[in-house]
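Please look through the sequence and the model shown here before reading on. The briefing is arranged by topic.

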Amino acid sequence: MLIIENIKIAFGALFSNKMRSLLTMLGIIIGIGSVIAIMTVSESLGGVVSDSFQDMGANNITVGIKKREQEESVRADGMKFGAAAGSGSIEEKDLVTDEMLTGLKQTFQDKIDAVAISENIGSCTANNGTASANILLSGINDGYFASSKITLLAGRRIKASDIEGNKRVIMISDKAAKNLFNSINENILCQKIAINYNGKYEDFYITGIYKYEENTFSSDSSSNITTAAYIPLSAAKELLHSYEGYSQFTVVTAQGTEDISLFAEEIEQYLKPYYINNEDYEISSSTMESMAESMYEMIDTISIAISFIAGISLLVGGIGVMNIMMVSITERTKEIGTRKALGARNSSIRLQFITESVILCLIGGILGIITGFILGAIAAGILGYQVAAPLPAIIFSVGFSMATGVFFGYYPANKAAKMNPVEALRYE
Amino acid sequence: MQKENKIIIELNKIVKKYYVGKPNELEILHGIDLQVYKGEFISIVGESGSGKSTLMNIIGALDKPDSGSYNLEGIDICQAKEKHLSEIRGRRIGFIFQTYNLVARTTARANVELPMLYRGLPKKERQSRAEELLELVGMKDRIWHKPEELSGGQKQRVAIARAMANNPGILLADEPTGALDSQSGRKIMDIFHRLNKEHGKTIILITHSPELASETGRIVTLCDGRIINVRRSGAAC
């Protein structure tokens, strides 16, 4: 009953000093607003990351060779350092062979959908005599498109027979096709283009055109954009004069594989024997899941750190509330004396001023949440991933602003409660 | 005045000092003995600095004496705890101040409700009693007015209604007409007489005006912290 009256009194007092109340709330508004906005941005960023990883394939396991951590940094003779054990560069014996892959595929037949391998060649220019296009050339195997989804506009993909036959065929993007031929149609297929790599021209025949898709991480809209082009892995090996074997490949797991991380572990265990005698390299695997996980963790850490800084403005806001409450009780000293003369207990006076401080902070908190909503929505709009402000952040903010009110309101309220009624009544 | 010989307030050798223990220790009241009977209308007069405000604070249980004893309606005020004192102030004493001390921004009715609120009465009861009391002081048509919208005399009438809220036995009025013109002051005094006669309230009026004091049943004159004269006045009897 008394609390309802106190809330009424508090609103009356706050509304009679609108400007002062608003300015006092500003600290709380900014503090809560920025915490909510940061939480929203972090949520939105998480969404963007999650989407990107989904595009890249959440069911994929990346397996590769990794340099062994040198355990024995100082050997028994005290002379040789671990780093000197091997040459450090990858040799043919270190690479994953076709034989290993075949074995792997057979062992886990029901779990593996495809094994995708790509060999990055680098930026090149493609030329057809009249025009040129910038391409990012990679050699791929037939399983590659199981892990990287593309939309074919014309022609066909690179097939196993292209790789086995070491055929000079190439898949280019619609953008590159447009740059080279000014059009995209069936006639382009089987046209010859020259790729300039390392100062030498190599001829390739266009076998397919895929649709170039912009994503969040690369949004270059210039006409001379560099787009990916794919040639058979065998042709790439020839261009690069590289060893047989692969330093990295991607296992696309079959639908219904339950625990991707566990399967990654199994693959690692399967390939381990091949490297047991290898001093320099070992097998290591990672899943999109684990990569996304570490990314989320990073975003969370950063957003908590920034929120903490925003929290400092809440502290400053809280001190502002305390300050204004001190002013308020001084102004109302006579009222406090009167209330005491009318039978108010110390606890009633304390409750009255704490209520006022809590209401002040709560209104500030609510306005802060609205501000945070707006700021968060704008930021999420820019990131291109709309999310609602996270509910826990809202609950936390409301709770925290109330706690601020109690914490910073207690001292002034207690001061009011302990006032000597005679002196309070005499106060002018 | 109903002649009852029941003592409602009994002060014995009340001493009040300020700055106790300090070099500038100041004794304001030097052993006051005073008895007030139930239903009495008594006035305490004295010059400024005579100690009458200090005495009023002690009678009103706002302050405790340094020595002596004070018995109010059978309660030993000197031994009462703060929590108990606020209850005594709320229920047994009605304060009326020279400066009215109405709570700003709140309606007349809400002001009258205050002592009942602190006593913990339910809303409906508070409101109907407040309206009744405002009618008693002739302010029924002003229950929704805020102090800022009332004249001095009207404010003091609301303050009297507020003092009556918990139906206390004693009304303690400190220069209630001090800030009013004579006409408004007259109305206030009339209300006091009515409350004394019709409602049997014990009224203690603190004033420096001999004319107002002469309207009361007994005049206690204070000078330099001592009672120098107690005189019965025929006027109100």
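What follows covers salt bridges, cavities, a pocket and a surface patch.

This is a predicted model, in which local features need pLDDT of at least 70 and side-chain atom pairs count only at pLDDT 80 or more, whereas totals for chains, interfaces and linings use all residues. Residues are numbered from 1 along each chain as its sequence is written, chains are lettered from A and ligands numbered from 1 in the order in which they are written, and side-chain values use heavy atoms, with hydrogens and water left out.

**Salt bridges**

- Over all chains the structure holds 27 salt bridges, a salt bridge being a side-chain nitrogen of Lys or Arg within 4 Å of a carboxyl oxygen of Asp or Glu.
- One of these is formed by the side chains of A:E5 and B:R126, at 3.2 Å from N to O; because A:E5 lies in helix α1 (residues 2-16) of chain A and B:R126 in helix α4 (residues 123-136) of chain B, the pair joins two chains. Helices (H or I, at least four residues) and strands (E, at least two) are DSSP runs, numbered from the N terminus.
- Both A:E5 and B:R126 are buried, where buried means under 20% relative accessible area, exposed means over 50%, and partly exposed lies in between (1.4 Å probe, protein chains only).
- Within chain B, B:E113 forms a salt bridge with B:R109, with the closest N and O atoms 3.4 Å apart, and both residues lie in helix α3 (residues 108-119) of chain B, four residues apart, or about one turn of the helix.
- B:E113 is buried, with a relative accessible area of 8%, and B:R109 is likewise buried, with a relative accessible area of 10%.
- Salt bridges that share partners join A:E5, A:K8, B:R109, B:E113, B:R126 and B:E131 into one network.
- Within chain A, the side chains of A:R168 and A:E202 meet in a salt bridge at 2.6 Å from N to O. The pair links distant parts of the chain, 34 residues apart, with A:R168 in the loop between α5 (160-164) and β6 (169-173) of chain A and A:E202 in strand β8 (residues 200-210) of chain A.
- A:R168 is partly exposed, with a relative accessible area of 21%, whereas A:E202 counts as buried at 19% relative accessibility.

**Cavities**

- On a 1 Å grid over the protein atoms alone, a cavity is a set of points where a 1.4 Å probe fits but cannot get out, and lining residues have an atom within 4 Å of a point. Grid points are joined across faces, edges and corners, and a volume is the space filled by probe spheres set on the points.
- By this rule there are two cavities of 30 Å³ or more.
- The largest cavity holds about 50 Å³ of space, and its lining includes A:L342 from chain A and, among the residues of chain B, B:R89, B:F95 and B:R162. The elements that give two or more residues to this lining are α2 (82-91), β6 (93-96) and α5 (152-163) of chain B, with β6(B) giving the most, three residues.
- The second largest cavity has a volume of about 30 Å³ and is lined by A:L2, A:E5, A:N6, A:I9, A:R339, A:S348, B:L117 and B:Y118. Two or more residues of this lining come from each of α1 of chain A and α3 of chain B, and the largest share, four residues, comes from α1(A).

**Second largest pocket**

- A pocket is an open set of grid points with protein on both sides within 12 Å along at least five of seven lines; the second largest pocket holds about 570 Å³ of space.
- Its lining has 26 residues, of which A:R426, B:S53, B:N57, B:Q98 and B:D174 lie nearest the centre of the pocket.
- Both α13 (421-426) of chain A and α1 (52-59) of chain B supply at least two lining residues, and α1(B) gives the most, with five.

**Nonpolar surface patch**

- A:L22, A:I366, A:L367, A:I370, A:F373, A:I374, A:I378 and A:I382 form a nonpolar patch on the surface, with about 760 Å² of accessible area together. Patches are made of residues with over 30% relative accessible area and no salt bridge, in which like charges are joined within 9 Å and nonpolar side chains (Val, Leu, Ile, Met, Phe, Trp, Tyr) within 5 Å; accessible areas come from the Shrake-Rupley method with a 1.4 Å probe, and for residues only the protein chains shown count as cover.
- Helix α11 (residues 346-383) of chain A gives the most to the patch, with seven residues; A:I382 is found in this helix and is exposed, with a relative accessible area of 71%.
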